[in-house]
Amino acid sequence: MQIKPSASIRQNYNEIAALCKSTGEPVYLTKNGEGDLVVMDIEAFTRREKMLKLREELLSVEEDRLAGYNGVTPEELDSYLDGIIDEVEHGKDASI
């Protein structure tokens, strides 16, 4: 973890940007000795956001499983998707 005073973002933007890119870690900026901002590389941010979204989806699925929801079998899903494709291609009704 890198910690820098907030003034350094104005004075050393390129250095801080290079640090974020090279480490893939956020840089914490302080103001008057207190945490103020976090700066990170856009690729690291995007990767982190995707991981958080996936984690939310996995937690939701796990909650459903614990609540007793069984979902559908792969065969049922395949049949359902085939029905949708058939409907799109031939104008037929899709059903499970």
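1. A polar contact is a pair of N or O atoms within 3.5 Å; within protein, one of the two must be able to donate a hydrogen and the other to accept it. In this predicted model, such a pair occurs at the N-terminal end of helix α3, which D41 caps. A side-chain oxygen of D41 lies 3.2 Å from the backbone nitrogen of E43.

2. Helix α3 covers residues 42–66, 25 residues in total. Its end C-alpha atoms are 36 Å apart, in agreement with the 36 Å that it should span at 1.5 Å a residue. After α3 comes G68, with a positive phi near 95 degrees.

3. N32 belongs to the loop between β2 (27–31) and β3. Its relative accessibility is 77%; because the cut-off for exposed is over 50%, N32 counts as exposed.

4. S6 is placed in the loop between β1 (2–5) and α1 (7–11). Is S6 buried or exposed? At 15% relative accessibility, S6 is buried, since the limit for that class is under 20%. Leaving aside residues up to four places away in sequence, S6 touches L29, T30, K31 and D36.

5. With a relative accessibility of 59%, S22 counts as exposed. Its side chain reaches the backbone oxygen of L19 at 3.2 Å. Between S22 and L37 there is a separation of 15 residues in sequence and 19 Å in space, C-alpha to C-alpha.

6. Which residues form the nonpolar patch on the surface? They are M1, I3, Y28 and V38, and together they have about 430 Å² of accessible area. One of them, V38, lies in strand β3 (residues 34–39). The relative accessible area of V38 is 49%, so V38 is classed as partly exposed; the exposed class begins over 50%.

Technical notes
Residues are numbered from 1 along each chain as its sequence is written. This is a predicted model: local features need pLDDT of at least 70, side-chain atom pairs count only at pLDDT 80 or more; totals for chains, interfaces and linings use all residues. Side-chain values use heavy atoms; hydrogens and water are left out. Helices (H or I, at least four residues) and strands (E, at least two) are DSSP runs, numbered from the N terminus. Buried means under 20% relative accessible area, exposed over 50%, partly exposed in between (1.4 Å probe, protein chains only). Contact means heavy atoms within 4.5 Å. Patches are made of residues with over 30% relative accessible area and no salt bridge: like charges are joined within 9 Å, nonpolar side chains (Val, Leu, Ile, Met, Phe, Trp, Tyr) within 5 Å. Accessible areas come from the Shrake-Rupley method with a 1.4 Å probe; for residues, only the protein chains shown count as cover. A salt bridge is a side-chain nitrogen of Lys or Arg within 4 Å of a carboxyl oxygen of Asp or Glu. The expected span of a helix is 1.5 Å times one less than its number of residues.
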